[in-house]
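Biologist: I have a structure open and would like to go through it with you. Could we settle the wording before we start?

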Amino acid sequence: MTEGKTIREFFEQDHDRLDELFTTFQQLKRSDFAKAEQAFKEFKVGLQRHIVWEEDLLFSLWEKKTGMSDSGPTPAMRNEHRQIGQQLESINSKVVNQNMDSDQEEEGLLNLLSSHNRKEERALYPAIDQVTSAEERKVVFLNMNNIPEERYNLCCGQH
Ligand SMILES: [Fe+2]
Ligand SMILES: [Fe+2]
């Protein structure tokens with residue numbers, strides 16, 4: 001699945017996959033709540049996993065290779081992850097109460113995510129691809145499978 005892929009290709013595909021799950025949630029929440037809720041859970045866990053992959057493996061590799069950890073793009077990206085996480089929780093608290101009135105929070109999340117993802121896809125991922133070798137990227141992809149599930153499988157209202 002990750003054979004020979006660049007960071008940009010793989011992580012961009014994960015953004016697209018997550019976008020589709022969120023669209024499914026939005027499209028179905030007023031007609032088939034059970035299915036919408038399922039899509040939201042998959043989205044939430046998937047996004048949390050994506051963020052752990054970035055912060056623990058990708059950004060840390062970039063910071064090590066470039067020597068930029070307090071400066072450079074990653075502190076801002078980590079900060080945006082916290083905002084994304086907060087918005088995700090505010091939608092989640094409505095979903096667990098079967099409250100469909102989350103349009104405003106959804107819009108907030110989509111706004112945050114679209115600008116965040118655009119910056120990663122256009123600038124940060126290509127820069128990471130440039131400073132890493134194929135071998136180093138392979139290690140990232142391998143280590144992604146070794147992240148313990150309890151780091152990201154937090155859903156929904158169980159923590
Ligand atoms: Fe990110
Ligand atoms: Fe990302």
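Modeller: Buried means under 20% relative accessible area, exposed means over 50%, and partly exposed is what falls in between, with a 1.4 Å probe and the protein chains only. This is a predicted model, in which local features need pLDDT of at least 70 and side-chain atom pairs count only at pLDDT 80 or more, while totals for chains, interfaces and linings use all residues. Residues are numbered from 1 along each chain as its sequence is written, chains are lettered from A and ligands numbered from 1 in the order in which they are written, and side-chain values use heavy atoms, with hydrogens and water left out.

Biologist: OK, then is Gln-98 buried or exposed?

Modeller: Gln-98 counts as exposed because its relative accessibility is 51%. Its place is in the loop between H3 and H4, where helices (H or I, at least four residues) and strands (E, at least two) are DSSP runs numbered from the N terminus. Gln-98 also has a phi near 50 degrees, which is a positive value in a residue other than glycine.

Biologist: And Gln-130, buried or exposed?

Modeller: Gln-130 lies in helix H4 and counts as exposed because its relative accessibility is 72%. Its C-alpha atom is separated by 19 Å from that of Pro-75, 55 residues apart along the chain.

Biologist: Let's turn to the metal. Which residues are the protein donors of the iron ion (ligand 2)?

Modeller: Taking donors as N, O and S atoms within 2.8 Å of the metal (3.2 Å for Na, K and Ca), the iron ion (ligand 2) has His-15 (NE2), His-50 (NE2), Glu-54 (OE), Glu-120 (OE) and Tyr-125 (OH), which lie 2.0 to 2.3 Å from it. Water is not among the atoms, so sites may look incomplete.

Biologist: How far apart are the iron ion (ligand 2) and the iron ion (ligand 1), and which residue coordinates both?

Modeller: The two iron ions are 3.3 Å apart, and the residue that coordinates both is Glu-54.

Biologist: I noticed Leu-47 in your list; what does Leu-47 touch?

Modeller: Leu-47 lies in helix H2 and counts as buried because its relative accessibility is 4%. Not counting residues up to four places away in sequence, Leu-47 touches Leu-18, Ile-84, Leu-88 and Leu-113, where contact means heavy atoms within 4.5 Å.

Biologist: And the largest nonpolar core, which residues touch the most other members?

Modeller: A nonpolar core is a set of buried Ala, Val, Leu, Ile, Met, Phe, Trp, Tyr and Cys residues joined through side-chain atoms within 4.5 Å, and in the largest one, of 23 residues, Ile-7, Phe-11, Trp-53, Leu-58, Val-140 and Met-144 touch the most other members. The elements that give two or more residues to this core are H1, H2, H4 and helix H5 (134-144), and the largest share, 8 residues, comes from H2. A second, separate core of 17 residues includes Ala-36, Phe-43, Ile-91 and Leu-113.

Biologist: Where does Trp-53 lie?

Modeller: Trp-53 lies in helix H2 and counts as buried because its relative accessibility is 6%. Leaving aside neighbours within four places in sequence, Trp-53 is in contact with Phe-10, Phe-11, Asp-14, Leu-58, Met-144 and Ile-147.
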